[in-house]
Amino acid sequence: MNFYQIMPKLMCRDYGFECDFVAEGEEGKVIEEFRTHMEEIHGIDYSVEAVKHFITRKQK
Ligand SMILES: [Zn+2]
């Protein structure tokens, strides 16, 4: 793993949820964890593309 690579981080609070869930780490893992959490806990089925978009926007 590249030390200088930016680790994606997604927090439910950033998207208006009253929830302390945070997904952080390698991009593929963050996407999978965030999508699973969203579907199981919040009942929202985000696509992989949608979650990738969240990460891209956060890294600007
Ligand atoms: Zn949540």
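Cys12 is buried, with a relative accessible area of 0%. Buried means under 20% relative accessible area, exposed over 50%, and partly exposed in between (1.4 Å probe, protein chains only). The model is predicted: local features need pLDDT of at least 70, side-chain atom pairs count only at pLDDT 80 or more, and totals for chains, interfaces and linings use all residues. Residues are numbered from 1 along each chain as its sequence is written, and side-chain values use heavy atoms, with hydrogens and water left out.

Cys12 sits in the loop between strand 1 (9-11) and strand 2 (22-24). Strands (E, at least two residues) and helices (H or I, at least four) are DSSP runs, numbered from the N terminus. Leaving aside residues up to four places away in sequence, Cys12 touches Phe17, Cys19, Phe21, Phe34, His37, Met38 and His42. Contact here means heavy atoms within 4.5 Å. Cys12 and Met38 are 26 residues apart in sequence, and their C-alpha atoms are 8.6 Å apart.

His37 belongs to helix 1 (residues 27-42). Beyond four places in sequence, His37 touches Cys12, Cys19, Phe21 and His42. Lys29 is found in helix 1 too.

Accessibility by residue:

| Residue | Relative accessibility | Class |
|---|---|---|
| Cys12 | 0% | buried |
| Cys19 | 14% | buried |
| His37 | 11% | buried |
| Lys29 | 38% | partly exposed |

What is the disulfide count? It is zero, where a disulfide is a pair of cysteine sulfur atoms within 2.5 Å.

Now the whole chain. The protein chain holds two helices and two strands. From the N terminus, the order is β-β-α-α. Of its 60 residues, 25% count as buried. Among contacts between residues at least 6 apart in sequence, 31% join residues at least 24 apart. The chain exposes about 4,400 Å², and carbon and sulfur atoms supply 50% of that area. Accessible areas come from the Shrake-Rupley method with a 1.4 Å probe; for residues, only the protein chains shown count as cover.

Confidence comes last. The mean pLDDT of the protein chain is 90, and 88% of its residues reach 70 or more. pLDDT is the predictor's confidence in each residue, from 0 to 100. In the protein chain, confidence is highest in helix 1, at 97, and lowest in helix 2 (residues 48-58), at a mean of 91.
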